[in-house]
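Please read them with the structure open.

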Amino acid sequence: MQTRCFTAMAFAGLLGSGMLASAAPPAGSGAITGKVTYTGTPPKMKPIDMSKEPSCAKQHATPVLEQNVATGPGNALQWVVVYISAGDQGSIAPSQPIKYDQKGCQYIPHVLPLQVAQELEIYNHDPTSHNIHPLAKVNPEFNKSQPPGSPPIRTKYESAEFIPVKCNIHPWMHGYFVVLNTSHYAVTGEDGSFEIKTLPPGKYTVTAWQEQYPAQSQEVTIGDGETKTINFAFKVPR
Ligand SMILES: [Cu+2]
């Protein structure tokens with residue numbers, strides 16, 4: 001009797017968590033805003049030499065800089081993904097695919113946050129071939145050549161993962177897919193600011209991820225319709 005009861009409870013538990021994973025998040029009007037900055041002296045981003053690919057080089061009036069530590073005025077840090085890493089109450093991937101582009105032999109955007117199970121469309125808008133190679137470890141890895149004028153490569157990821165992306169033809173091309181379990185995320189722009197919206201009331205862990213420096217987290221409690229400001233500062237090692 002006891003065993004049967006336990007089994008029934010375990011089953012109910014599984015069903016419950018399964019439902020939560022695919023449930024629409026409760027509507028909320030809370031928000032977390034803030035700014036991501038650095039302290040210390042960031043490495044100077046080097047200009048990229050695209051002379052081996054003249055069709056790309058000529059698309060840029062001035063040399064493109066590397067983007068792994070992209071900074072802006074006021075010590076702002078760009079391309080930081082700020083997201084809810086704990087406390088989210090379920091989320092559904094948007095039905096709208098998310099687009100990723102190869103243009104001027106660069107990945108646009110440099111860092112692409114997307115959701116688990118969200119359709120990803122990868123375009124080549126260059127007059128040359130690319131060979132996109134996302135270096136996934138948890139998800140299946142792929143490596144695909146995409147000649148100019150090809151239709152987009154369509155794919156999706158089923159597990160959360162930070163995936164470095166490289167091109168097997170152009171060694172300077174680097175980017176990231178940041179596959180998240182949450183719909184509550186933002187990526188910092190040149191001013192380092194972010195805003196995570198539509199949060200229901202709750203206690204959340206907010207994590208800021210940057211490709212080169214260790215991630216940071218903070219706990220935040222949001223009341224009904226409340227907006228809280230939190231900031232992150234990444235220390236640049238000497
Ligand atoms: Cu390429």
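1. C56 is buried: its relative accessible area is 0%. The model is a predicted one, and the points below should be read with that in mind. C105 has a relative accessible area of 1%, so C105 is buried too, under the 20% cut-off.

2. These two cysteines, C56 and C105, are joined in a disulfide, with 2.0 Å between their sulfur atoms. The link spans distant parts of the chain. C56 sits in helix 2 (residues 54–57), while C105 belongs to the loop between strand 5 and strand 6; 49 residues separate the pair. The whole structure was searched, and one disulfide was found.

3. What is the handedness of the disulfide of C56 and C105? The torsion about its S-S bond is about 70 degrees, so the disulfide is right-handed.

4. Strand 5 and strand 6 make a hairpin, with two residues between them. G104, in the turn, has a positive phi of about 65 degrees. The two strands run antiparallel and are joined by three bridges; strand 6 covers residues 106–108. K103 has Q106 in strand 6 as its bridge partner.

5. Strand 5 (residues 98–103) also pairs with strand 8 (residues 120–124). Here the sense is parallel, and there are five bridges.

6. Next, the metal site. Which residues are the protein donors of the copper ion? They are H130 through ND1, C167 through SG, H170 through ND1 and M173 through SD. Their distances from the copper ion are 2.0 to 2.7 Å. Along the sequence, the donor residues follow the spacing H-x36-C-x2-H-x2-M. H130 is in strand 9 (residues 130–134), and M173 is in the loop between strand 12 (161–167) and strand 13 (174–180), so this pair ties together parts 43 residues apart in sequence.

7. Why is the copper site irregular and not tetrahedral? The angles among its four donor atoms run from 93 to 138 degrees.

Technical notes. Residues numbered from 1 in each chain as written. Predicted model: local features only at pLDDT ≥ 70, side-chain atom pairs only at ≥ 80, totals over all residues. Heavy atoms only, no water. Pairing = 2+ DSSP bridges. Helix = DSSP H or I, 4+ residues; strand = E, 2+ residues; numbered from the N terminus. Donors = N, O, S within 2.8 Å, 3.2 Å for Na, K, Ca; no water. Tetrahedral: all angles 85-135°; square planar, octahedral: opposite > 155°, others 65-115°. Disulfide = S-S within 2.5 Å. Buried < 20%, exposed > 50% of the residue type's maximum accessible area, 1.4 Å probe, protein only.
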